[in-house]
Amino acid sequence: YERFGVPAFTPVLLNLALIACALWLAPRMERPITALAWGVFIAGLAQLAFQLPFLARLRLLPRPRLNTRDEGVRRIIRLMVPALFGVSVTQLNLLLDTLLASFLVSGSISWLYYSDRLMEFPLGMLGVALGTVILPNLSKKHANRSAAAFSRTLDWALRWVLLLGLPAAVGLLVLAGPMLATLFYSGSGAFNAEDVAMATRSLMAYALGLVAFMGIKVLAPGFYARQDTRTPVKIAVIAMCVNMALNIALMFPLRHAGLALATTLAACLNAGLLLRGLLREGVYRPAPGWPGLLARGLLASGAMGAVLFGLCGDTADWLRLGAWDRVGLLALCIGAGALFYFLTLFLLGIRARDFAGRKE
C-alpha cells in the first residue's frame with residue numbers, strides 16, 4: 001500500500017523504550033543491565049500495538065485463525081524457511097566475528113561494535129530505505145509481468161546507491177577519526193584516545209564496503225519480489241564461508257581491523273554474485289549511461305574526500321578540543337563536504353534525467 005511512514009517510525013519506539021529504561025528503570029534495579037532487557041520487551045509490545053490502528057484503517061487488521069492446510073499459509077512457510085536462514089547468516093557472521101575478536105587484545109569487541117554502529121547509520125538511512133521502497137514496486141511489476149519496468153526500478157535504485165553510497169563511504173573513510181572522537185571520546189573516561197585510534201581502523205575498513213552493503217539491500221529484493229528466496233540464501237552462505245576464511249587470514253596481521261575488512265570483502269562478493277544472478281537471468285538490464293555516471297560519481301566523491309581531508313586535519317587535534325567544539329567542527333565538515341559533492345556533480349552534468357528509470 002506504499003505507506004512507509006508507520007513502519008519507518010516503528011523502530012523509533014525501541015530506541016525510546018531503551019533510553020527510558022536506561023535512565024529511569026536501571027537506577028531502581030538490583031541488576032541495572034536487566035532494565036535494557038525489559039526495554040526490549042516493552043518496545044516489542046509498543047511496536048505491535050502502534051501498527052494495529054493503521055492496519056485497521058486499511059482494513060488489513062488480521063483475525064488469527066488456525067488453518068495449516070491453507071495453501072497460502074503453506075506457500076508462505078515454504079518461502080519463509082530459506083529467508084529466515086538468510087537472516088540467520090548475518091547473525092552468525094556477527095557472532096563468529098565477536099567470538100574471534102574475543103581472542104584478540106582487550107577492547108577489540110568494543111572497537112568493532114562502535115565502528116559497526118557508525119557504518120550502519122548511512123546503511124540504515126540509505127540502503128535499507130531504498131530496499132524498503134522498491135520491494136513493493138518490484139513485486140507489483142513482477143505480478144503484472146512488466147519485465148522492463150522491473151528492470152528500470154532496479155536501475156533507479158542502483159543509481160542512487162552509487163551517487164549516495166560513494167560519498168557516504170568516502171566521508172566515513174576520511175572522517176572516521178573525527179566522528180569517533182566527537183561521538184564517543186570522553187577524555188579520562190572509558191573511551192580514550194587509544195580507543196579512538198583503534199576503532200578508526202575498523203571503521204575505515206567497514207567504509208570500503210558501504211556501497212556493497214547498500215547494494216545488497218537493493219539487489220536482494222530483486223529476488224524476493226519474484227518469490228525466489230533460495231538464491232540470495234545460497235549466495236549469503238557462500239559469502240559467509242568466504243568471510244570466515246578471510247577472518248582467519250586477516251585477523252593475525254591486521255587484528256580487529258582484519259575482521260572488519262573480511263566482512264567488507266565478503267559483502268563485495270555477496271553483492272557481486274547477486275548482481276551477476278540478476279544479469280544472467282535477464283531480470284536486470286542496465287540502462288544506458290552507467291560508465292559516465294560511475295566516472296562522475298567517483299570524480300565528485302574523490303574531490304569531496306580531498307576537501308574533507310584538508311578541513312578535518314589530524315585526529316589528535318580533535319581530541320584537544322572541547323566536546324561542543326568537536327560537534328560544531330564535525331557539522332561544518334559534513335555540511336561543506338555535502339555541498340561540495342553535489343555542486344561538483346552539477347558541474348559535471350548530473351541532472352534529474354540521469355534517474356529516468358525511476359521507481360514508478
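Guide: Helices (H or I, at least four residues) and strands (E, at least two) are DSSP runs, numbered from the N terminus. The model is predicted: local features need pLDDT of at least 70, side-chain atom pairs count only at pLDDT 80 or more, and totals for chains, interfaces and linings use all residues. Residues are numbered from 1 along each chain as its sequence is written, and side-chain values use heavy atoms, with hydrogens and water left out.

Visitor: Where is Gln-227 found?
Guide: Gln-227 is not a glycine, yet its phi is positive, about 60°. Gln-227 is found in the loop between H8 and H9.

Visitor: Is Gln-227 buried, partly exposed or exposed?
Guide: Buried means under 20% relative accessible area, exposed over 50%, and partly exposed in between (1.4 Å probe, protein chains only). Gln-227 has a relative accessible area of 48%, so the word for Gln-227 is partly exposed.

Visitor: Which residue's backbone oxygen does the side chain of Thr-229 reach?
Guide: Thr-229 lies in the loop between helix H8 (210-224) and helix H9 (230-254), and counts as buried because its relative accessibility is 10%. A polar contact is a pair of N or O atoms within 3.5 Å; within protein, one must be able to donate a hydrogen and the other to accept it, and residues adjacent in sequence count only if both atoms are side-chain atoms. At 3.2 Å, the side chain of Thr-229 reaches the backbone oxygen of Leu-79.

Visitor: Which residues is Thr-229 in contact with, leaving aside its neighbours within four places in sequence?
Guide: Contact means heavy atoms within 4.5 Å. With those neighbours within four places left aside, the residues in contact with Thr-229 are Leu-79, Pro-82, Ala-83 and Tyr-224.

Visitor: What is the phi of Arg-145 near?
Guide: Arg-145 is found in the loop between H4 and H5, and its relative accessibility of 78% is why Arg-145 counts as exposed. Arg-145 is a residue other than glycine with a positive phi, near 55°.

Visitor: How many Å does helix H7 reach from its first C-alpha to its last?
Guide: The expected span of a helix is 1.5 Å times one less than its number of residues. H7 (residues 193-207) has 15 residues, and 21 Å is expected at 1.5 Å a residue. From its first C-alpha to its last, H7 comes close to that value, reaching 21 Å.

Visitor: Which helices do the buried residues of H7 pack against?
Guide: The buried residues of H7 include Val-196, Met-198, Leu-203 and Tyr-206. They pack against helix H4 (108-143), helix H5 (147-174), helix H6 (176-184), H8, helix H10 (256-280) and helix H12 (315-319).

Visitor: Which residue caps the N-terminal end of H7?
Guide: A side-chain oxygen of the capping residue lies 3.1 Å from the backbone nitrogen of Glu-194. The residue that caps the N-terminal end of H7 is Asn-192.

Visitor: How many salt bridges does the structure hold?
Guide: A salt bridge is a side-chain nitrogen of Lys or Arg within 4 Å of a carboxyl oxygen of Asp or Glu. One of them joins Arg-117 to Asp-116, with the closest N and O atoms 3.0 Å apart. The number of salt bridges in the structure is five.

Visitor: In which helix do Arg-159 and Asp-155 both lie?
Guide: The side chains of Arg-159 and Asp-155 meet in a salt bridge at 2.6 Å, N to O, and both residues are buried. An α-helix has 3.6 residues a turn, so residues three or four places apart point the same way. Arg-159 and Asp-155 are four residues apart, about one turn, and both lie in helix H5.

Visitor: With which residue does Asp-317 form a salt bridge?
Guide: Asp-317 counts as partly exposed because its relative accessibility is 40%. The closest N and O atoms are 2.3 Å apart, and the partner of Asp-317 is Arg-320.

Visitor: At what angle do H8 and H10 pack?
Guide: Axes are lines fitted to C-alpha atoms, for helices over the stretch in contact, and angles run from 0 to 180 degrees between N-to-C directions. The axes of H8 and H10 are 9 Å apart, and the helices pack at an angle of about 30°.

Visitor: Is Asn-247 buried or exposed?
Guide: Asn-247 is found in helix H9. Leaving aside neighbours within four places in sequence, Asn-247 is in contact with Asp-97, Leu-100, Leu-259 and Ala-262. Its relative accessibility is 0%, so Asn-247 counts as buried.
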